[in-house]
Amino acid sequence: MSIVLAFSGGLDTSFCVPYLAETYGEPVYTVTVNTGGLTAEEAAALEAKALELGAAKHLTLDARRDLYDDLLSYLIKGNVLRGGVYPLCVGPERVVQARHVAEAARQLGARAVAHGSTGAGNDQVRFDVALRILGGDLEILTPIRDLGLSRPETAAYLTERGFHASAEKATYSINKGLWGTTIGGRETLTTHDPLPEAAYPDTVAPAEAPDAPLDLTIAFEKGLPVALDGGTLDPVTLIETLNDLGARHGVGRGIHVGDTILGIKGRVAFEAPAPLILITAHRELEKIVLTQWQQFQKNHLADFYGMMLHGAQYFDPVMRDIEAFLDASQEVVTGTVRVRLHKGQVSVLGCDSPHSMFDAGVATYGETNQLWDARDARGFTRIYGLQAYLAHRARQGAVSTPTQKDT
């Protein structure tokens, strides 16, 4: 029998490799699931580190396209920004990472899966919920959480066994992925201080971004991006390209305060150029092709979808119901959007769609139209305000009911 460990290469998962092997006397297989932000050189270094720590075998699995197809595509369709600002950089990754770890465990014939989450944050919940659902009868091992060890204690454990380890935390914790980078540090432990410029790893400071703006044209088919400036790209490449372009122009920075799964408030900084560019463009395209009530219902359901995904409830059947609604709503969300990146801002220059409801041939706003005349307008305004009129009369103490003439 064996154990499969979700391996990031940090102090906690590094501790888990020898600890699990010594404690259970079984081979430990390490798995790194690439959900973006991992270079080939970094992947090679992680593999070498895992093997040095005593892993029987290491696997690096590319899950970027799975992440896009299963989750990010719906964040785009729903224009999901938690709290109106945060594009859910981390939560979706954990679902996909847990799925691939569970699949690797079954293929390797393992009896257990392990992760290095502590007992303090959201990720322990996300991993546990997903692994319990996807892993079947696989045991879930969480040494860091169960032992309650401090960083100095885990570092000492590794040092005693001849492995180089440091208990010192980096000034800022950085988590890079396809859908953005999260940043935590001293400033995110309070609500009043901004992060210093040096804390952002990839985006240039907006004030130092190029003076010349960058204009881009993004093509969408059924709600999803398919081309950039006329060139067709696969979705992963398109997102990575927008992340690079946006970073050069200082686009995508933000700080979000929200509620954690465990019920406390949390604050996180992020840089996510591609999500903010795509959601800004997609939302504008929807304005010209969807009815106002489609947009209203979408906003409500998409906000709920983002809340559930963030809160480790991706596997609840209601999420498939909402995805079906989002899919149906996107049938006509096809067209092109022109955006401008300039000094940290994303602005929409214009958009076009073969399904646009913005028809200048039907009516000129405030002037003439072909679909109704003055008599229709007069009758509509009388009926449209009827309920407010009745409420006003009732609250003014009127005892008589409106006559036919009144209405």
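## The open sheet

In what order do the four strands of the open sheet lie, and is their pairing parallel or antiparallel? In this predicted model, the open sheet of four strands runs in the order β6-β7-β12-β11, and its pairing is antiparallel. Its edge strands are β6, covering residues 173–177, and β11, covering residues 253–259, each of which pairs on one side only. From one strand to the next, the twist of the sheet averages 25 degrees.

## The pairing of β7 with β12

Within this sheet, strand β7 (residues 180–184) and strand β12 (residues 265–271) pair in the antiparallel sense, and three bridges join them.

## The cavity

Rolling a probe the size of a water molecule over the atoms shows where empty space is left. In this structure there is one cavity of 30 Å³ or more, and the volume of the largest cavity is about 50 Å³.

The residues that line the largest cavity are Val95, Arg126, Val129, Ala130, Leu309, Ala312, Gln313, Tyr314 and Phe315. Helix α5, which spans residues 123–134, provides the largest share of this lining, namely three residues.

Methods
Residues are numbered from 1 along each chain as its sequence is written. This is a predicted model: local features need pLDDT of at least 70, side-chain atom pairs count only at pLDDT 80 or more; totals for chains, interfaces and linings use all residues. Side-chain values use heavy atoms; hydrogens and water are left out. On a 1 Å grid over the protein atoms alone, a cavity is a set of points where a 1.4 Å probe fits but cannot get out, and a pocket is an open set with protein on both sides within 12 Å along at least five of seven lines; lining residues have an atom within 4 Å of a point. Grid points are joined across faces, edges and corners, and a volume is the space filled by probe spheres set on the points. Helices (H or I, at least four residues) and strands (E, at least two) are DSSP runs, numbered from the N terminus. Two strands pair if DSSP finds at least two bridges between them. Axes are lines fitted to C-alpha atoms, for helices over the stretch in contact, and angles run from 0 to 180 degrees between N-to-C directions.
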